[in-house]
Amino acid sequence: MKKIVILGGGIAGVESAIHLRKYNFDVELISDRDYLYIYPISIWIPTKEKKFEDVILPMEDLAKVHGFKFTKGKVTKVNKDSFVLENGEIRNDFDYLIIALGQSKKKHKGIEYTYSICSKPEETLKYSEKLDEAIKKGRGTLTFGFGGNPKAKEAVRGGPIFELLFNVDYHLRKKGIRDNFQLVFFSPMPKPGERLGEKALKLMDKMFKKLNIKTITGKKIKQFVEDGIIFEDDTKQISDLTCFIAAGDGHPAVKEGDLPKTEAGFIKIDKYNKVEGLENVYAVGDSAALEGPPWKAKQGHLAEVMARNTAFNIALKEGLEKGEPKSYVEHINIMCLMDMGNGGGLAYRDDKKALLIPLPIIGHWMKKAWGVYYKLSKLGKIPRLPGM
Ligand SMILES: Cc1cc2nc3c(=O)[nH]c(=O)nc-3n(C[C@H](O)[C@H](O)[C@H](O)COP(=O)(O)OP(=O)(O)OC[C@H]3O[C@@H](n4cnc5c(N)ncnc54)[C@H](O)[C@@H]3O)c2cc1C
């Protein structure tokens, strides 16, 4: 049976392993964390609705249920025909290679004065501690922002910062101390969240006003400092605690190697997830450069489509499937159940429509239910719903 090595044990890597195992391929998954971190439900760690243990799945459990081999290791370089591990080992013992390493973040001056919930899980835990300290003090200014990458517009990650901001607002209200805090949203983009459509922008604006959240948009960030943010016009927003989600950038191990990549360092693939010019190397999830409409975004559900398609396309090449190869491009849409602490909104965008449907109360519980479904279905404890 053909040997397939997957680099990265996130949403895309694990979904690839699960689906490749259905064809009985010999699958090894290499990742630097011995757990799958479920980013979409990690937004509740700072407000204590979830603990770290609630938002992970141990890799050994996944490996046992689905019958793949898990190896803990850090990849430092990926080339066209091999990859290198941190211990110096060069590996080329595979028939197919799937790269699912995710992305890194753009560096900003003074970024060390900020925290992120979209980086390593340890960062979210640090932010959570800092938020506790701020709450203990009883008053202060909390700022929340996200930035863009002009070289890869689809690598912007705005949804989670809105979710965190609304959740922190609700958390403070529940404690009866919201009036002691100034909450500020900032972004260099003049219309952050624009990719969700005009209606969504208006609704978001209404929410900010209703919840008394100050907004600073359309001003480039010059640098972060210990007690705030300095903008291009040298104005300063004081901040006792800054959560900033820098835009995505190519993964360092990809940048280091000789795979075809975009200027930002994302792997160039065709619509069947095959790396440009290579026959047996595929890239899935956030590591890959996306084709498609200008509002496209890197998302978990698209990462899963790419993973399932890749498993099918490899099986097709090996004569284990019939039909045409599957393309991810027609699956590009934005679908996000945006949590707001005491409710949520379903954001949806495709070529024909852009919607943000408010879901008071139920939206929050729908996202929580998705988290339970995700964990149980990946562990094979409940059947999977088609396409999910
Ligand atoms: C806070 C947050 C909330 C989100 N909410 C949603 C949502 O509601 N809906 C949605 O669709 N999408 C959401 N997303 C986006 C979604 O989580 C990502 O698109 C998805 O995780 C991408 O999967 P991936 O496997 O490509 O990357 P990742 O999930 O980042 O996984 C990368 C994996 O590679 C491993 N790795 C990294 N570097 C190395 C290395 N050098 N060596 C070995 N292993 C390495 C990591 O440990 C990790 O296991 C959210 C993202 C964040 C951050």
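Predicted model: local features only at pLDDT ≥ 70, side-chain atom pairs only at ≥ 80, totals over all residues.
**View 1. Domain layout of the chain.** An automatic or database domain assignment divides the chain into domain 1 (3–103 + 250–332), domain 2 (107–247) and domain 3 (334–388). The C-alpha centres of domain 2 and domain 3 lie 23 Å apart. Residues are numbered from 1 along each chain as its sequence is written, and side-chain values use heavy atoms, with hydrogens and water left out. Local features need pLDDT of at least 70 and side-chain atom pairs count only at pLDDT 80 or more, whereas totals for chains, interfaces and linings use all residues.

**View 2. The interface of domain 2 and domain 3.** Here 14 residues of domain 2 are in contact with 14 residues of domain 3, contact meaning heavy atoms within 4.5 Å. The two domains bury about 1200 Å² between them, 70% of it on carbon and sulfur atoms; this buried area is the accessible area (1.4 Å probe) that two parts lose on being put together, summed over both.

**View 3. The salt bridge between E163 and K367.** Across the interface of domain 2 and domain 3 the rule finds 1 salt bridge, defined as a side-chain nitrogen of Lys or Arg within 4 Å of a carboxyl oxygen of Asp or Glu. The side chains of E163 and K367 meet in a salt bridge with an N to O distance of 2.9 Å.
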